[in-house]
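Walk through this model from the whole chain down to single residues. Keep the structure open while you read.

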Amino acid sequence: MAEDELAAFRECWKEELTSNKEDQPLVCAPSPSLDVSVQAGQNDFKNRYFEDLNNLNKACSPSQSEEAGCIEDEACVGGGGNAAAESEDQPEYVAIARSLLDGRTSPLLDRIQEERTRRKRQYQNMTNACSASLQQPQQQQPKRKVKKDEELLDLLIQDLNEVNDIPFFDIELPYELALKIFQYLNSTELGRCAQVSRAWRVLAEDSVLWFKMCTGEGYLQDASMSDSPCWKSTLRDCRNSAKTVRSNWKNRVGSISQLQFELGKVLCDVSSCDNFVLAGYTSGDVRLWDTLNWDSTASYLKINSLSANSEPRPYVRYVQVNSTVAAATYEDGCVDLWSTETGGEPLLHYQSTGRIQALALSPDSPVLKYASVLSVWQVESLVLVPGRGQQCPLAALVAEEAVYLLDPREEQPRTLHSVYGHPVTCLDASDSHVALGVKRTGWAMYDGGNKIHVYSLETGKPVACVGDSLGDFTCINLRDSPPHLLVCGNKDRSRSSVASLYAHHLGVTSVQADDWKIVSGGGEGLVCVWEMRMGAKLWEMHNRHPVRHVCFNTSTLVTANIPDDKSPRGACITDDDLTAHRRHRGVICHYDFSEDALSQDHILPICRSDYIESSGYNYNIGLAVPYDRLAGSHPSH
């Protein structure tokens, strides 16, 4: 009911009460002889009020307080014929008020029942006051009746306000349906709803809502409902932790570990996925690190007996790793596959008659593809489309200025892009698109320069063409980028769809981006971290040799500086092999920006090595990373 309608209702009610009081003056005074009839009338009225609530006009008129007088005496003696006549003459709003008080149009039956109990006690107090008023002089009766009538009217209007203000659907609707409505609210809106009532607070703090919100924001994807007693607190902790990690990223606060394997000589290739880092060396050794468990026995991978017995042992050419398996290829055409859980001997060994040209491992399934020199094309790049599983793996490869799609369900490869005289310089694929960098030659250079073409895997048609660089595109990242975002680098600058960043004077060699930052590596050995929104460099790190690998997740970053020269020697042929010096071997850096990395328990693996191990005994502490590289970089110092 609106405020103006309520005010009009109240004024109309008071006028009616006043008119009833003037039309029916009190003509009989109380007498002790009528005490028995007064008590009977009071009990009769009490029963009628709480059982049927059909005589609301009596409760709101002057005649109610005079029930102990002549009117109530006549009602007790003469019957209830007048009550029925009065109920017919009542206005419509009185019937509405009676129905509201009776609960027929309100779903809040429990609350109305509580209100009835409260009014019952109040009515008893008023009845006692009315009995006491009978002992007062008759001239004081009208003034007290008016006050009682005003109190009853105020109580009725207050009840109407409560009925209008109380939310209905938390009582009317089933709990599951109300929970379905609440799941469309965010955390701020749920907090506001929790302040409405107790029933809404129970709904707004339901664990199902906060569990879905927590997993929907990317936290604890593998968790279940029973893993936390209070998902609201868990989400708050996850958000605070993410905020701290983001601040650590920006301010370069964390720990750094150099993943070294002195017996491996020169670093050849590096791959990382989740918490695993895989590296291959010129000695033929393959090393696997588990950054969550530094002492894991799976770190030691044995090579196949054929390559192990060769003299000299062949170099490792390519390595790939995902969460379940690790793969490596050698210069002699061998391919080995290990389990990241057990390590040790290879699970699978294959010998190719030709040199391996490219190697690709699916990021989410144990699907491995490689291309050798005996293939139909001269393969320059090979990637597997993620999200396809083992049933229908889809591969994209670059060969002879063209890009092909290889589907095991099709007999012939499908040509995705082919322009004569315009070679493809880089390639990457997501679950729905393929992106490739094209080098334009001749007169095409004057038509916008080199381009990045994006094709749809579903239709095989181009969906976007971006870029206008004069330099060749050297790297592109589409798989690890957020939706509708692509980041690439070329020989003269870094590029993304929303920013153009200049950093590496020898060209960009690797790049990756997320929703707020870009990490790039250059041929001069510089690793730069950028804030995408501002287009500003946050910090940089430098090491020898080009940065060939950059991979990061929420709290960690892995970079690899891989030398171009695999057999460095001195100025004279009689000089010693320079691979014994660390500066010629390359380096793998693992950055950890999580909160746990700031604790004093973080100790480098080399500091826990035994002296019986050559890697620990020959470790030269004087060649460690300088102190000013990262805050708390080497706790052992």
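The chain holds 17 helices and 30 strands. Both are DSSP runs, numbered from the N terminus: helices are H or I with at least four residues, strands are E with at least two. This is a predicted model, in which local features need pLDDT of at least 70 and side-chain atom pairs count only at pLDDT 80 or more, while totals for chains, interfaces and linings use all residues. Residues are numbered from 1 along each chain as its sequence is written, and side-chain values use heavy atoms, with hydrogens and water left out.

Of the 637 residues, 47% count as buried. Buried means under 20% relative accessible area, exposed over 50%, and partly exposed in between (1.4 Å probe, protein chains only). The chain exposes about 33400 Å², and carbon and sulfur atoms supply 50% of that area. Areas come from the Shrake-Rupley method with a 1.4 Å probe; for residues, only the protein chains shown count as cover. Now take contacts, meaning heavy atoms within 4.5 Å. Among those between residues at least 6 apart in sequence, 48% join residues at least 24 apart.

Next, a helix pair. Two packed helices are described by the angle and the distance between their axes. The axes of α14 (residues 207-216) and α15 (residues 231-251) come within 8 Å and cross at roughly 25°. Axes are lines fitted to C-alpha atoms, for helices over the stretch in contact, and angles run from 0 to 180 degrees between N-to-C directions. The two helices are therefore roughly parallel to each other, a label for angles under 35 degrees. On the α14 side, S207, W210, F211, M213 and C214 make the contact; on the α15 side, W231, K232, L235, C238 and R239 do.

Move on to L557, in strand β29 (residues 556-561). L557 counts as buried because its relative accessibility is 0%. L557 and W249 are 308 residues apart along the chain, yet their C-alpha atoms are separated by 9.8 Å.

Finally, check two backbone angles. Phi of R252 is near 55°, a positive value in a residue other than glycine. R252 lies in the loop between α15 and β1 (255-259) and is partly exposed, at 26% relative accessible area. H484 also has a positive phi, near 65°. H484 sits in the loop between β20 (473-477) and β21 (487-490). With a relative accessible area of 85%, H484 is exposed.

Notes
Parallel < 35°, antiparallel > 145°, perpendicular 65-115°, else oblique.
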